[in-house]
Amino acid sequence: MTVSTEVLERPELKDADTGPEMFHYVRKEKIAESAVMGTYVVALCGETFPVTKAAKPGSPVCPKCKEIYDSYRE
């Protein structure tokens, strides 16, 4: 039996500290496509991401998205 003293590198698996989870405003017709196909959506603030969960009433909203959305409604 041979014993190896080789060191194996293991990548650090650490969640990014992004603070509290915020939801973004995206085009309604892109939400289902992203959730099913895994495609990325572009939020009003410019952030891109795949849709992984639905926002519930009262969820925190990205301040930049909210500001842009509110400016459209005026």
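**Cysteines, core and pocket**

Visitor: Is Cys62 buried or exposed?
Guide: This is a predicted model, and Cys62 has a relative accessible area of 7%. The cut-off is under 20%. Because 7% falls under that limit, Cys62 counts as buried.

Visitor: How many disulfides are there?
Guide: A pair of cysteine sulfur atoms has to lie within 2.5 Å. By this rule the count is 0. For Cys45, the nearest cysteine sulfur belongs to Cys65 and is 3.7 Å away. For Cys62, the nearest is also that of Cys65, at 4.0 Å.

Visitor: How many residues make up the largest nonpolar core?
Guide: Two cysteines, Cys62 and Cys65, belong to this core.

Visitor: Leaving aside neighbours within four places in sequence, which residues are in contact with Ala43?
Guide: Beyond its sequence neighbours within four places, Ala43 contacts His24, Tyr25, Val26, Phe49 and Cys65.

Visitor: How many residues of helix 1 are buried?
Guide: Helix 1 covers residues 28-37, and Gly38, with a positive phi near 80°, follows it. The helix is hardly covered: among its 10 residues, the buried count is 1.

Visitor: Which residues are closest to the centre of the largest pocket?
Guide: This pocket has a volume of about 690 Å³. Its lining holds 26 residues, with 16 nonpolar, 5 polar and 5 charged. Closest to the centre are Glu21, Met22, Phe23, His24 and Phe49.

How values were computed. Residues numbered from 1 in each chain as written. Predicted model: local features only at pLDDT ≥ 70, side-chain atom pairs only at ≥ 80, totals over all residues. Heavy atoms only, no water. Buried < 20%, exposed > 50% of the residue type's maximum accessible area, 1.4 Å probe, protein only. Core = buried A, V, L, I, M, F, W, Y, C linked by side-chain atoms within 4.5 Å. Contact = heavy atoms within 4.5 Å. Helix = DSSP H or I, 4+ residues; strand = E, 2+ residues; numbered from the N terminus. 1 Å grid on protein atoms, 1.4 Å probe; cavity = no way out; pocket = protein on both sides within 12 Å on 5 of 7 lines; lining within 4 Å. Points joined across faces, edges and corners; volume = space filled by probe spheres on them. Nonpolar A, V, L, I, M, F, W, Y, C, P; charged D, E, K, R; others polar.
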